[in-house]
Amino acid sequence: MKYPQGHTRAAWRPVGPDECADPLGALARAEIPAILLPQVCTPADCQRLMERFAERGLLRAAGDERTRIDIGTSLGNLGGDQEAFLADAEETHALFATLFAGLLNPVELLYRHLRALASNKEVKTARERDGRLYGPAIFRIHYETHAYSPHIDHVVLREKRFNYEVARFTHQFAGVLCVQNADSAGLGVQAVLHRCLWTEEIQPYIAEGRFHEYAVAHGVAHCEVALEPGDLYFFNTRCIHEVPAVQGDDPRVVLAVFIGYAEGDDEIYVWS
């Protein structure tokens, strides 16, 4: 979509972790679109991960026409059956226990950087009251044409999953580590974030595919988050966001988590 001259960027831009006193609070209030941490690992680390996925047969094989492959457990996809979701999460923990042997562990890396942003809170993998764990993170592998139209992600506002412990958190963030861009090198747009927190009034525009029309009419600022392998960012998933279609022969690969956050809660839960 083309926005009017002067509309695109405004002053709403991603910040580094040292650019504001309370980055997660600023994210919750949508004062900033994202917290950006460049090169938390090297492109070589990312390439070795891709090689490990290939060795384990986790990438798309010849004749496979799927445009998205997940390595991990998705609450969004499996949450309708809580027992099946938690059983699948257990399998993900077992897989991740060996998947990174001899390599940088990107899940631990992401958690470590989140802890640095939330020094006064305890960051832990989401769990139910009986102690059963959610998936700790998920690799999303997107192939040609795969895109996400304007939407939000939220276990309560969107998915209505009131029977999960993560429903207790007021805010939901996402953390995304770029592992591979669709063209294998250089910057790639991972998301377009709109300075617009979801409300019931906006939902019809999303459902009818008219959010861009709404954004222009209301002067909604947006920013593009462009990353190279090894870059990590966090954003508020209640801000309407979209992901452009993959172009090129190589898939776009990210490590992603969701994050439950509330100002008065001493814990931060992380899941996939």
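The largest pocket of this predicted model holds about 530 Å³ of space. Grid points are joined across faces, edges and corners, and the volume is the space filled by probe spheres set on the points. The lining, meaning residues with an atom within 4 Å of a point, consists of 26 residues, and R140, Y148, H151, D153 and F258 lie nearest the centre of the pocket. Elements that contribute two or more residues to this lining include helix 3 (75-78), strand 4 (138-142), strand 5 (148-151), strand 6 (171-180) and strand 7 (188-197). Helices (H or I, at least four residues) and strands (E, at least two) are DSSP runs, numbered from the N terminus. Strand 11 supplies the largest share of the lining, five residues. By class, 12 lining residues are nonpolar, eight are polar and six are charged. In this scheme Ala, Val, Leu, Ile, Met, Phe, Trp, Tyr, Cys and Pro count as nonpolar, Asp, Glu, Lys and Arg as charged, and the others, Gly among them, as polar.

Residues are numbered from 1 along each chain as its sequence is written, and side-chain values use heavy atoms, with hydrogens and water left out. Local features need pLDDT of at least 70 and side-chain atom pairs count only at pLDDT 80 or more, whereas totals for chains, interfaces and linings use all residues.

Strand 7 also contains Q190. Q190 is buried because its relative accessible area is 4%, where buried means under 20%, exposed over 50% and partly exposed in between (1.4 Å probe, protein chains only). The side chains of Q190 and N181 form a polar contact at 2.8 Å. Such a contact is a pair of N or O atoms within 3.5 Å; within protein, one must be able to donate a hydrogen and the other to accept it, and residues adjacent in sequence count only if both atoms are side-chain atoms. Beyond four places in sequence, Q190 touches residues including C178, V225, Y233 and R252, contact being heavy atoms within 4.5 Å.

H154, in the loop between strand 5 and strand 6, is buried at 4% relative accessibility. Its side chain reaches the backbone nitrogen of V156 at 3.1 Å and the backbone oxygen of T170 at 3.4 Å. Among the residues that H154 touches are E159 and F169.

In helix 2 (residues 43-55) lies F53, which is buried at 0% relative accessibility. F53 touches L58, L59, I71, L99, F139 and V253, with residues up to four places away in sequence not counted. F53 and L99 are 46 residues apart in sequence, yet 8.3 Å apart in space, C-alpha to C-alpha.

Helix 5 has 12 residues (106-117) and should span 16 Å at 1.5 Å a residue; its end C-alpha atoms are 17 Å apart, which agrees. The expected span is 1.5 Å times one less than the number of residues. Buried residues of helix 5 include P106, L110 and L117. At its start, a side-chain oxygen of N105 comes within 3.0 Å of the backbone nitrogen of V107.

Most residues other than glycine have a negative phi. A30, by contrast, has a positive phi near 60°, and Q39 has one of about 50°. A30 is buried at 10%, whereas Q39 is partly exposed at 35%.

Definitions and conventions
1 Å grid on protein atoms, 1.4 Å probe; cavity = no way out; pocket = protein on both sides within 12 Å on 5 of 7 lines; lining within 4 Å.
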